[in-house]
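Please find below a short note for a colleague who is new to this entry. The sequence and structure are shown first.

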Amino acid sequence: MKVNNNLEIASYPEQIFVFRKNIFLLRALFYLVLTFFVALPIFEQRSPSVVIVICLALFLLNTGSRYIFTYSKDLEIIIHIQQLINLLGIILLVLYSWGSNSTFVVLFIIEGFFCGLMYNLSCMIGFLAIVICFLLYLCLDNNCANYTTVLSIVLSMFSTISSFLIIREQDKRKIELISYYLKLEKLNSRLIGIGRLRKNFMDIAYHDMRSPLSTVIGFIQNILSGYGGPVTPKQEEWLNRCVDKLNSLSKQINELYFLANIESTDFNEIKKRCDISHEIELAIAEVYDKFVKKNQKFTKNIPNSIPWMVVVPILFRQCIVNLLENANKYTPMEGTIQLEVEYDENWLTVKVSDTGIGIPDEFKPKVFDEFFRVKNTIVDNQKVSGTGLGLTIVKSIVDGHGGTITIQDNKPNGTIFIVKFPVVREYREA
Ligand code: ATP
Ligand code: MG
């Protein structure tokens with residue numbers, strides 16, 4: 001499994017802080033402008049200095065609290081204090097601008113609008129309530145003006161308190177999100193550690209298992225060659241069987257090691273431009289002897305002009321080798337195996353067809369699973385051995401290149417594997 005460190009989530013709360021900070025500043029500016037206009041109609045009735053002091057105090061407290069609490073990033077406190085300041089400011093302005101009641105309603109509307117913009121639905125409900133109060137105030141006679149004022153303040157407080165609660169809930173969730181992220185990060189680094197451990201283990205196991213195996217095979221071959229004295233026909237037969245078994249064990253170890261490495265490899269780091277026709281020819285050469293041994297007819301149809309493409313050459317080759325090996329293994333003697341290559345602007349298509357035993361429909365989706373093998377596979381009256389990793393490797397390689405692999409039935413019998421690799425002509429940094 002590939003483990004990526006995804007840090008995107010970490011910047012999420014930071015963005016919210018910045019957004020809210022900007023809205024606070026905008027709101028404070030609005031208060032400055034508004035309080036100035038509120039002051040205008042009462043210049044004649046009240047002392048202008050009192051109104052100006054209230055306006056300035058309101059602005060400074062609003063903006064000041066923003067700067068003081070930004071450093072602690074304690075949003076909840078900023079919001080509580082600002083809302084308190086706003087309420088106090090509004091009450092004071094209402095008291096000092098008794099002669100122009102309608103202005104405070106405008107102030108409340110703006111307050112409601114900002115609440116709705118910043119926070120949530122409950123603020124919008126508060127805002128609507130204030131609008132209704134304003135309409136009431138317009139409809140009723142002057143004696144009822146005080147009641148609508150009080151009602152507006154109560155509703156505004158209600159909307160403010162409910163928005164506090166909702167914001168607190170939102171922040172709690174945000175903190176939860178951050179703690180989940182931290183846990184995820186911890187798990188991620190543990191996974192990376194386990195991945196590294198697994199890789200080290202695989203490296204050691206691969207080396208420690210492969211070396212004695214090769215030595216044992218070498219010694220048996222010496223015995224078979226007669227260097228240790230004459231070998232009886234029975235001994236020769238048994239020793240040959242030993243070599244076969246050891247070779248297949250060695251193949252299994254290779255495949256396991258190969259698969260473990262593919263899974264922890266970033267293909268983009270090892271991709272390079274290469275001559276695709278040449279790579280395909282190398283893959284064929286690796287398997288060709290096996291076709292000859294089984295007297296199988298092998299045909300190929302590879303266009304001369306395949307463009308150079310960006311792939312991981314060793315893996316691309318391995319993919320074709322595995323498909324050709326399967327075609328060879330699961331096709332009886334004298335059968336036919338065909339390799340066709342086509343390409344267009346977007347895709348390079350490699351088709352490997354055989355006239356073998358075929359794959360029943362119910363097993364087609366499973367053959368790519370690790371260690372999956374169709375049970376009791378008999379070809380030429382012999383049980384076919386294998387590990388069940390060949391096609392898993394093929395699939396990992398194809399996926400790693402952004403390609404696709406499909407299986408079709410060959411008529412009248414056999415299988416066709418169709419692999420498509422995306423045509424990438426120039427190497428691009430991932
Ligand atoms: P190895 O790991 O040595 O390749 P394997 O050939 O058994 O072992 P895969 O290559 O993964 O494993 O194939 C999985 C199974 O799919 C095989 O056991 C076989 O039953 C089936 N299969 C694969 N290719 C063919 C084919 N060309 N024709 C018929 N059956 C196939
Ligand atoms: Mg195989």
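This is a predicted model: local features need pLDDT of at least 70, side-chain atom pairs count only at pLDDT 80 or more; totals for chains, interfaces and linings use all residues.

1. Helix H11 spans residues 390-400. The helix is mostly covered, with eight of its 11 residues buried. These buried residues are Gly-390, Leu-391, Thr-392, Ile-393, Val-394, Ser-396, Ile-397 and Val-398.

2. Against which elements do the buried residues of H11 pack? Three of the partners are helices, namely H7 (233-263), H8 (267-270) and H10 (313-329). The others are the strands E8 (404-409) and E9 (415-422).

3. After H11 comes Gly-402, a residue with a positive phi near 75 degrees.

4. Ligand 1 is surrounded by 21 residues, and the closest of them are Lys-251, Glu-255, Asn-326, Arg-373 and Leu-391. By class, the shell comprises nine nonpolar, seven polar and five charged residues. Leu-391, one of the closest residues to the ligand, is also among the buried residues of H11.

5. An N or O atom in the side chain of Arg-373 is 2.5 Å from an oxygen atom of the ligand, while for the side chain of Lys-329 the distance is 3.2 Å. At Gly-390, a backbone N or O atom lies 3.0 Å from a ligand oxygen. The protein buries 98% of the 590 Å² that ligand 1 exposes when taken alone. Elements H7, H10, H11 and E9 each give two or more residues to the shell around the ligand.

Notes. Residues are numbered from 1 along each chain as its sequence is written. Chains are lettered from A and ligands numbered from 1 in the order in which they are written. Side-chain values use heavy atoms; hydrogens and water are left out. Buried means under 20% relative accessible area, exposed over 50%, partly exposed in between (1.4 Å probe, protein chains only). Helices (H or I, at least four residues) and strands (E, at least two) are DSSP runs, numbered from the N terminus. Contact means heavy atoms within 4.5 Å. A residue is near a molecule or strand if one of its heavy atoms lies within 4 Å of it. A polar contact is a pair of N or O atoms within 3.5 Å; within protein, one must be able to donate a hydrogen and the other to accept it, and residues adjacent in sequence count only if both atoms are side-chain atoms. Accessible areas come from the Shrake-Rupley method with a 1.4 Å probe; for residues, only the protein chains shown count as cover. Ala, Val, Leu, Ile, Met, Phe, Trp, Tyr, Cys and Pro count as nonpolar, Asp, Glu, Lys and Arg as charged, and the others, Gly among them, as polar.
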